[in-house]
Amino acid sequence: MVRGLLKRLVSHSLSVAGKWQQQQLRRINIHEYQGAELMGKYGINVPRGVAVSSVDEVKKAIKDVFPNENELVVKSQILAGGRGLGTFKNGLKGGVHIVKVDQVEDIAGKMLGQILVTKQTGPQGKIVNKVYLCEKLSLVNEMYFAITLDRKTAGPLIIACSKGGTSIEDLAEKYPDMIIKVPVDVFEGIRDEDAAKVVDGLAPKAAGRQSAIEQVKKLYNLFCERDCTLLEINPIAETKDNQLVAADAKLNFDDNAAFRQKDIFALRDTSQEDPREVAAAKADLNYIGLDGEIGCMVNGAGLAMATMDIIKLHGGTPANFLDVGGNASENQVVEAFKILTSDERVKAILVNIFGGIMRCDIIASGIVNAAKQGTNVDQGKRILKESSMTLITAEDLDDAAEKAVKAASS
């Protein structure tokens with residue numbers, strides 16, 4: 001089953017169970033500098049910039065790209081928001097700095113290779129492997145712009161606000177009447193009147209109306225042609241020379257479009273992802289990390305949801321969603337257990353397999369990393385009992401969940 005559907009199913013299951021748990025989005029995200037480069041290819045105005053990964057590259061960029069600049073913007077590149085207010089574990093405050101050119105090397109050097117902690121990364125933070133050096137623009141007005149997918153209208157929805165530079169949640173709280181939403185018919189495409197409504201919502205003070213309309217249409221074309229699930233520019237700004245510029249960029253792409261967006265998916269930065277999810281993807285397993293103490297290995301999304309729900313019913317919390325499917329090999333089962341046991345919060349693992357689509361002996365053999373293979377449930381139980389592992393077998397799902405919760409708390 002596709003990962004996007006798995007994500008929605010898991011979200012539904014956990015919300016029904018009661019307590020919401022933080023999860024990884026199953027949609028590829030790219031860095032700001034990559035998004036800016038992509039937008040530039042579509043004729044969208046973006047600041048002049050270059051990504052660097054070492055101090056030597058910083059020196060070269062200043063010489064070759066910014067020979068006449070007095071100040072530059074130095075932006076740490078991680079796949080999380082809140083960089084400006086973040087803190088590096090080495091003590092540096094802020095993941096975005098505007099500095100004099102002679103200070104760029106020092107600031108970039110303190111960012112590269114370091115861990116940045118923001119409100120979105122969690123306390124573990126994320127490593128900064130690149131910094132984005134940009135020209136410092138003279139902005140006279142900051143606004144908010146985004147395109148997302150709307151379930152209600154079953155198509156793209158453009159969101160605009162004449163205020164920008166802060167989160168959309170804050171904008172919605174402070175200026176709810178300033179936020180406008182323009183649905184677009186996905187079959188008809190964006191019309192001039194749609195783009196004009198968006199521009200009216202942005203209410204630019206200096207940029208030409210027609211040029212702004214063209215920028216909105218180009219952004220929409222990028223969103224559709226590249227199978228985006230989110231295109232957010234905060235801020236989209238006006239400069240002193242009356243240009244509408246995408247001063248920041250966040251783009252997410254639908255995992256299901258990987259087959260036709262190969263160049264986009266080649267940009268995937270696994271250093272920014274949960275290593276367990278990366279390992280699962282390599283083993284062709286569907287895995288989503290949660291924050292509970294009971295690991296789950298199941299086959300089938302419906303059974304996985306039922307397993308997580310019944311764990312919650314008995315007072316426990318699932319540590320993950322892991323679906324091995326119906327054709328898993330013994331090696332895949334071994335990899336699944338490696339992933340589950342790599343989570344230090346996991347105190348027990350509940351294995352719940354529907355034998356109608358998966359041979360239970362392969363699951364059992366994979367658990368003990370044995371070469372034997374049987375053909376039925378009884379042989380699977382025998383393999384488990386003959387192993388040296390601490391194992392508890394159960395006869396039904398309710399019994400299994402109750403025993404897993406008890407084992408995790410003991």
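## Helices α6 and α7

Let's start with a pair of helices. In this predicted model, α6 passes α7 in a crossing that is right-handed. Helix α6 covers residues 192-202 and helix α7 covers residues 209-225; their axes come within 9 Å and cross at roughly 110 degrees. Because of that angle, α6 counts as roughly perpendicular to α7.

Which residues of α6 and α7 meet? From α6 come D192, A195, A196, V198, V199 and D200, and from α7 come R209, A212, I213, V216 and K217. Sorted by class, this contact holds seven nonpolar residues, four charged ones and no polar ones.

## Helices α3 and α4

Now look at another pair. Helix α3 (residues 55-64) packs against helix α4 (residues 104-111) at an angle of about 145 degrees, and their axes lie 9 Å apart. The crossing of α3 and α4 is right-handed.

On the α3 side, the contact is made by V55, V58, K59 and I62, while α4 brings V104, E105, A108 and G109. Five residues of the contact between α3 and α4 are nonpolar, two are charged and one is polar.

Time to turn to strands. Strands of a sheet pair through backbone hydrogen bonds, and the pairing can be parallel or antiparallel. Here, three strands form an open sheet in the order β4-β6-β7, with antiparallel pairing. At the edges are β4 (87-88) and β7 (126-127), each of which pairs on one side only.

You can follow one of these pairings in more detail. Two bridges join β4 to strand β6 (residues 115-117) in the antiparallel sense.

## Strand β9 and its partners

Which strands pair with β9? Strand β9 (residues 139-150) pairs with strand β12 (residues 228-239) in the antiparallel sense, over eight bridges. Strand β10 (residues 155-161) also runs antiparallel to β9, and seven bridges join them.

T148 has L230 in β12 as its bridge partner, and I147 stands opposite I158 in β10. The strands β9 and β10 form a hairpin with four residues between them, and in this hairpin A154 takes a positive phi near 55 degrees.

Key: Residues numbered from 1 in each chain as written. Predicted model: local features only at pLDDT ≥ 70, side-chain atom pairs only at ≥ 80, totals over all residues. Heavy atoms only, no water. Pairing = 2+ DSSP bridges. Axes fitted to C-alpha atoms, helices over the stretch in contact; angles between N-to-C directions. Left-handed = near helix turned anticlockwise from the far one by under 90°. Contact = heavy atoms within 4.5 Å. Nonpolar A, V, L, I, M, F, W, Y, C, P; charged D, E, K, R; others polar. Parallel < 35°, antiparallel > 145°, perpendicular 65-115°, else oblique.
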